[in-house]
Structures are given as C-alpha cells and as structure tokens.
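Trainee: I have a model open and would like to learn how to read it feature by feature. Could we begin with a loop and work outward from there?

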Amino acid sequence: MPLKVGDIISFERIFTIRDVELFTEISGDEGVHHRTPDEQGRLVIQGLLTATLPTKVGGDHNVLARNMNFEFLRPVYTGDTIICEVKIEKYEVQANNRTAIIASFVCKNQNEKEVLKGEFSGVIL
C-alpha cells in the first residue's frame with residue numbers, strides 16, 4: 001500500500017553499548033564520550049547512529065535519499081528508548097514515473113524530550 005501525505009510512520013529502538021562499539025568501529029567516530037561511560041555507566045550515542053532511525057524508516061519504503069537534514073538537539077545515551085516519527089509531507093508520481101517524497105521527522109527519548117529532528121527528500125525506487 002503506497003504512502004500518502006500526512007501518514008506518520010513510527011519506529012522505536014533502544015541503543016546498547018554494543019551498538020556504539022560497532023558504530024565506532026565502522027565510522028571511526030572514537031570521541032572519548034563514545035568510549036567512556038558516565039557516572040551511570042552509559043555511553044553517549046554518536047549522532048549519526050541516532051540518525052539511523054529515520055533512515056531505517058526510509059529504507060523500509062525503498063527511499064533513495066537525495067537530501068537529509070539533521071538537527072541534533074540533545075545527547076542520546078545507551079539504554080535510552082528513542083521513538084522516531086516520520087511524517088510524509090509530499091508524495092507524488094513525477095513525469096518520469098518516479099515517486100518523489102519529502103518527509104519530516106522527530107525523535108524523542110523516553111522522557112518525551114526531542115533529541116533529533118529534520119527532514120529528508122528523495123525518490124521511491
């Protein structure tokens with residue numbers, strides 16, 4: 001069933017220490033705050049690891065992204081539950097039979113605090 005303007009797609013994830021370790025290995029983002037636990041034993045998640053939430057929703061719908069804008073609002077820690085809501089802002093078939101999509105998103109932690117927001121655009125494959 002195709003998407004339509006106004007649809008909201010949600011995805012939830014809890015990031016683990018292992019997630020941070022793997023992302024550190026792949027990305028090379030080895031900031032001390034990603035490797036040294038705070039007083040509660042948590043690591044700060046890399047911003048781009050948090051940004052995998054809206055990209056996962058895009059991937060689920062075969063979006064080939066052209067533009068992505070992220071605004072990182074506050075840190076995310078291991079053990080946090082992050083809920084990402086993606087809202088379809090534009091969804092239309094173009095003359096070349098490609099479907100253009102524009103979506104906005106907001107990610108909140110378990111305390112309802114926004115941690116990430118932005119938008120992406122592209123085409124549906």
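Trainee: Where is Asn 97 placed?

Mentor: This is a predicted model, and in it Asn 97 sits in the loop between β3 and β4. Its phi is near 65°, a positive value in a residue other than glycine.

Trainee: Is Asn 97 buried or exposed?

Mentor: A residue counts as exposed over 50% relative accessible area. Asn 97 has 68%, so Asn 97 is exposed.

Trainee: Which strand pairs with β1?

Mentor: Strand β1 (residues 8-14) pairs with β3 (residues 81-93), in the antiparallel sense and over seven bridges. Phe 11 has Cys 84 in β3 as its bridge partner.

Trainee: How should I think about side chains along a strand?

Mentor: In a regular strand, side chains alternate between the two faces of the sheet. For one case here, take Thr 99, which is found in β4. Thr 99 has a relative accessible area of 12%, so Thr 99 is buried.

Trainee: What does Thr 99 touch, not counting residues up to four places away in sequence?

Mentor: Thr 99 touches Tyr 91, Glu 92 and Val 93, as well as Gly 122, Val 123 and Ile 124.

Trainee: What about the nonpolar residues in general?

Mentor: In soluble globular proteins, nonpolar side chains tend to be buried together. In this model the largest nonpolar core has 25 residues, and Phe 15, Ile 82, Val 86, Phe 105 and Cys 107 touch the most other members. The elements α1 (17-27), α4 (52-60), β3, β4 and β5 (114-124) each supply at least two residues of this core.

Trainee: Which residues are in contact with Cys 107, leaving aside neighbours within four places in sequence?

Mentor: Cys 107 is in contact with Leu 53 and Pro 54, with Ile 82, Ile 83 and Cys 84, and with Lys 113, Glu 114, Val 115 and Leu 116.

Trainee: Now the whole chain. How many helices and strands are there?

Mentor: The protein chain has four helices and five strands. From the N terminus on, their order is β-α-α-α-α-β-β-β-β. Contact separation is another thing to read: of the contacts with a separation of 6 or more, 65% are between residues 24 or more positions apart.

Trainee: And the surface and the charges?

Mentor: Of the 125 residues, 37% count as buried. The accessible surface comes to about 7,400 Å², and 50% of that belongs to carbon and sulfur atoms. There are 14 positive and 18 negative side chains, with the centres of the two sets 5 Å apart. The C-alpha atoms fill a box of roughly 55 × 30 × 20 Å along the principal axes.

Conventions:
Residues numbered from 1 in each chain as written. Predicted model: local features only at pLDDT ≥ 70, side-chain atom pairs only at ≥ 80, totals over all residues. Heavy atoms only, no water. Buried < 20%, exposed > 50% of the residue type's maximum accessible area, 1.4 Å probe, protein only. Contact = heavy atoms within 4.5 Å. Areas by Shrake-Rupley, 256 points an atom, 1.4 Å probe, with all protein chains shown as cover. Lys, Arg positive; Asp, Glu negative; His and termini not counted. Charge placed at Lys NZ, Arg CZ, Asp CG, Glu CD. Pairing = 2+ DSSP bridges. Core = buried A, V, L, I, M, F, W, Y, C linked by side-chain atoms within 4.5 Å.
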